[in-house]
Amino acid sequence: MLLKEKTIMEDRVRLICKRTVVSTKPVEQGRLYRFSVFDHVMEPNHIRLVYYYRTSKTREPGEITKKLRESLAYTLNCYPIVTGRLVKETDGTEENRWKVKSNDAGVRMVEARATGTVEEWRRSVNREEELKLVHWEDMYHLPYYWSTFYVQVTEFESGGLAIGLSCTHLLADPVCAMMFIRTWADLTLTRNMMTPPLFHSLPPRRFTSHKLSNNQLLSHYIRSCSLTAPPSNVTEDRMVTTTLLFPDPMVQAGENEQGISPFEILSGLLCVCVSRAKGKRNELTDMSLCLDVRKLLRLDQSYFGNCMVYHKVHYSKPVTTKDRLLLLSYVVKEIHNVTKGLDYDTVMDLVEWLSSNNNNPISNGSDLVCINLENMANSRPMMFEEDLMLSHVSCYVEGPVAGGGQAIVLPSQLSEGPMSRVVMVTLPQREMVKVLEDELLQSFSPVLLMEYTKLLNQ
Amino acid sequence: MPREQMPEFSSSVKLKYVKLGFQYLVDHFLSLLLIPIMAIIAIELLRMGPEEILNVWKSLHFDLVYLLCSCFFVIFISSVYFISKPRTVYLVDYCCYKPPVSCRVPFATFMEHSRLILNDKPKSVEFQMRILERSGLGEETCLPPAIHYIPPTPTMDEARSEAQMVIFTAMDDLFKKTDLMPKDIDILIVNCSLFSPTPSLSAMVINKYKLRSNIKSFNLSGMGCSAGLISVDLARDLLQVHPNSNAIIVSTEIITPNYYKGNERAMLLPNCLFRMGSAAILMSNHRSDRWRAKYKLSHLVRTHRGADDKSYYCVYEQEDKDGNIGINLSKDLMAIAGPLVLPASEQLLFLLSLIGRKIFNPKWKPYIPDFKLAFEHFCIHAGGRAVIDELQKNLQLSGEHVEASRMTLHRFGNTSSSSLWYELSYIESKGRMRRGDRVWQIAFGSGFKCNSAVWKCNRTIKTPKDGPWSDCIDRYPVFIPEVVKL
């Protein structure tokens, strides 16, 4: 693994201006939107996405930005929650919780220019620089004037475009944030909104409240929502991020069982490697999976709001084998049991418990968190204009929910095959070094898309 | 208040009929006089019979020189009359600029930006919020792109690009509507009060459209919200001197350079109320335009009262001790604007009451002319909600009369000199403009000036398919609450 020295590079990203984009039609004033229990539980976190587009045509600088700004204004007509502002209002029954007042204030948009091309940029940046493409502001002292969504459009002088979207996790999860970009792209390209968002509450309480005795999902939340301070070892070491492309994890693992997905294999792989990097001999590291439950709750893909749950993986047997492939196979099976075991009632138990008992946000402690976004690819490409090709998507989730390490599994935009996946791995630096050198990981022939840069004095 | 008794008195039915009769009598005085005389002559002639007529004829001792002199005299009088008759000035058509939806500024965004920029001056933000709540503006008014930035960038370049955007779009639309070739423009007048670059805005227009080198161009700046009618007056005077000409007037206000970033309350006021807009108007004195022109200019009165202190305070924005903003419209306003634009009957009554007050008894109530008899439509400059309220009260106008002004304020904000044209466009879009209707446009300019124009509609105007109101006219009129809670 190449260790790059941290060179002091000139700021390649130059900010042009910041403004507010509002919808084209005025909203119905004074509407208050409530958050669901899943939303409240994710409050202290925020999401950042970067979409890279490469192009073959040369454009006037600023031309595509102007077009995107106008189409964003039209898109926002369907997202009154996004253009509203957070208020805390007590309304009798509810305690002092956040709500969104739809006041038509709009979202902040930042315009920037970057030198070089998209390909050059991606080859040479690390996490800190990539985040320069996504503007974010922490909540102000007065939340009523704070925009919950930020959009940044960066034009690359020699060709290409990067769109950054950041938002608070209170309003959206990565799935609906990506759907927002998809809706915006469709509107820009075809002037037609193919998948407008749906705003409604989660399914109502069930009549027969049969509490499952062995609801592991619920127990995980009960434990995690009472964690107040982060565990001590999380803050010592610097967290670094690398992006790896796995061309065909299924073949490498030799799995031919029905129903195992690349996400499950990759999560298992990382679990095994991280456990070894942490120095655990006969133990596997704690791991939580973040899964989208829209389909389980019979909600549409375009449901806007948080709908992803964190489920800790339970290892039923102690680890005995030294054969790493067998170990991998075991872990993958356990992961698969978790994903299969989730059903409507399990999740509804959680929803009901959260509604009646819980006021705290969730924290994943020092677990390794694996987020499943592999199904976010679509047969229809996500394009803003005819010759803008989506070349890469990066996703960051920051906050207590990120645990002690993160692995976000995304679909691959390159034509490597339908089973190829991009994984953004965030780990403490010491563990990252060991994981990247691990032979088991190497046997999957990952391609390094984004490196981290090692600090000189470490 | 003495005025309150007048409406009660006038509204009694019998008096109304008397008034209508009186008005008819005075308005058609000449014809009422001539018809009986002609009738008497005709009856006499018939009675006399042909021989008697011949005898009367012979006895008049016509003589050739005498005949020639009298014919010459008649021809002389009639040609003097025709030459000195002022040329009819027509308003062929006009176009108002419709800002793009991406420039829209809802109240919440305006307040948020204000808060972010004036971070350490919460009282100024509070002040702006109170203004906005009571302003009568809606959520669809537009500000130029430079003001949308955080922080705003009111540079010269941005101001120029706003000017180009608003002026050229309106003019392109006007050319398309009227089939006018730029080379045919004889007179160009551009008025923009607060932005006066070098080269001037009129030079910018000439450069863009490659107008003729012998065009008569004027650029009026610093004349405030009533500059639109000042430009019309100037165009009318020029069209008297130049036969067979046309004139383009561009009325606008460029907002970009005037975004005030300081703390002085009186100077923060324009930020809250002024919005982007412009209008391009084509006027001409071609005889051939009398079929296609929309309006004919009847009267135009310009009153400048800067010399008189009382008039200086006649329309004056003040803050009272509670910090509430009010427009102070004094009763002298009627004395300034009223008499000259009224029909003859009203003028007579006004004159009589004036004489009465001066000679007999100063305590006689001043006669408030009934403007509603004189005009079908009113366009009051949408300077602010208080101005429209006061004028409605003082002129005793109904809600429908001031609807155009209020709705223009709601949809477009205070666009300064071009607001009168947006209001006229509103009336046309509602399909209320009929042939022969008279429109009274009143523009106030910062307490110094009050300008009035009276137009007579030349042909019934069909509801326009394009124009600034085309996509929203069905939503209007809207109810505008006293205070919008922000």
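A charge sits over a ring if CZ of Arg is within 6 Å of the ring centre and within 35 degrees of the ring normal. In this predicted model, A:Arg122 lies over the face of A:Tyr52, at 5.7 Å from the ring centre. A second case involves A:Arg298 and A:Tyr344. Here the charged end of A:Arg298 sits over the ring of A:Tyr344, 3.9 Å from the centre of that ring.

Aromatic rings also pair with one another. Over all chains, the search of the whole structure finds 23 aromatic pairs. One of them joins A:Tyr53 and A:Phe384. Their ring centres are 5.4 Å apart and their planes stand at 80°. Planes over 60 degrees apart count as edge-to-face, so this pair is edge-to-face. The pair links distant parts of chain A. A:Tyr53 is in strand E3 (residues 46-55). A:Phe384 is in the loop between strand E12 (368-372) and strand E13 (388-398). The two residues are 331 residues apart. Both A:Tyr53 and A:Phe384 are buried.

B:Trp421 belongs to helix H18 (residues 419-429) of chain B, and B:Trp455 to strand E11 (residues 449-457) of chain B. The pair therefore ties together parts that are 34 residues apart in sequence. Is B:Trp421 buried or exposed? Its relative accessibility is 1%, so B:Trp421 counts as buried. B:Trp455 is buried as well, with a relative accessible area of 1%. Back in chain A, one aromatic cluster is made up of A:Tyr79, A:Phe149, A:Phe180, A:Phe199 and A:Phe304.

Charged side chains were examined next. The whole structure holds 32 salt bridges over all chains. Within chain A, A:Arg324 and A:Asp438 form a salt bridge of 2.7 Å, N to O. A:Arg324 lies in helix H9 (residues 324-341) of chain A. A:Asp438 lies in the loop between helix H11 (429-437) and helix H12 (439-442) of chain A. The pair thus ties together parts that are 114 residues apart in sequence. A:Arg324 and A:Asp438 are both buried. Salt bridges with shared partners join A:Arg59, A:Lys67, A:Glu385 and A:Asp387 into one network.

A:Asp292 and A:Arg294 form a further salt bridge, with the closest N and O atoms 3.0 Å apart. What is the relative accessible area of A:Asp292? The value is 29%, so A:Asp292 is partly exposed. A:Arg294 has 1% relative accessibility and counts as buried.

The contact between the chains was then considered. In chain B, 17 residues are in contact with 21 residues of chain A. The size of an interface is often given as the accessible area lost when the parts come together. Chain B and chain A bury about 1700 Å² between them. Carbon and sulfur atoms account for 57% of that area. B:Arg104, B:Glu112 and B:Ile150 supply 32% of the area that chain B buries against chain A.

How many salt bridges are counted between chain B and chain A? The count is 3. B:Glu112 takes part in a salt bridge with A:Arg108, at 2.6 Å, N to O. This pair crosses from strand E6 (residues 107-114) of chain A to helix H6 (residues 107-117) of chain B. A:Arg108 and B:Glu112 are both buried. B:Glu112 also meets A:Arg85 in a salt bridge, at 2.7 Å, N to O.

Two helical parts of chain B complete the description. In helix H16 (residues 385-394) of chain B, 7 of the 10 residues are buried, so the helix is largely enclosed by the rest of the structure. The buried residues of H16(B) include B:Arg385, B:Val387, B:Ile388 and B:Leu391. After H16(B) comes B:Gln396, whose phi is positive, near 55°. Elsewhere, an unreviewed UniProt entry lists residues 20-43 and 64-83 of chain B under "transmembrane region". In the model, residues 64-83 of chain B are 100% helix and 0% strand. The end C-alpha atoms of this stretch are 28 Å apart.

How values were computed: Residues numbered from 1 in each chain as written. Chains lettered and ligands numbered in written order. Predicted model: local features only at pLDDT ≥ 70, side-chain atom pairs only at ≥ 80, totals over all residues. Heavy atoms only, no water. Salt bridge = Lys/Arg side-chain N within 4 Å of Asp/Glu carboxyl O. Helix = DSSP H or I, 4+ residues; strand = E, 2+ residues; numbered from the N terminus. Buried < 20%, exposed > 50% of the residue type's maximum accessible area, 1.4 Å probe, protein only. Phe/Tyr/Trp six-rings, centres within 6.5 Å; stacked < 30°, edge-to-face > 60°. UniProt positions renumbered as here; feature names shortened; annotations may be inferred. Contact = heavy atoms within 4.5 Å. Buried area = accessible area lost by both parts, 1.4 Å probe.
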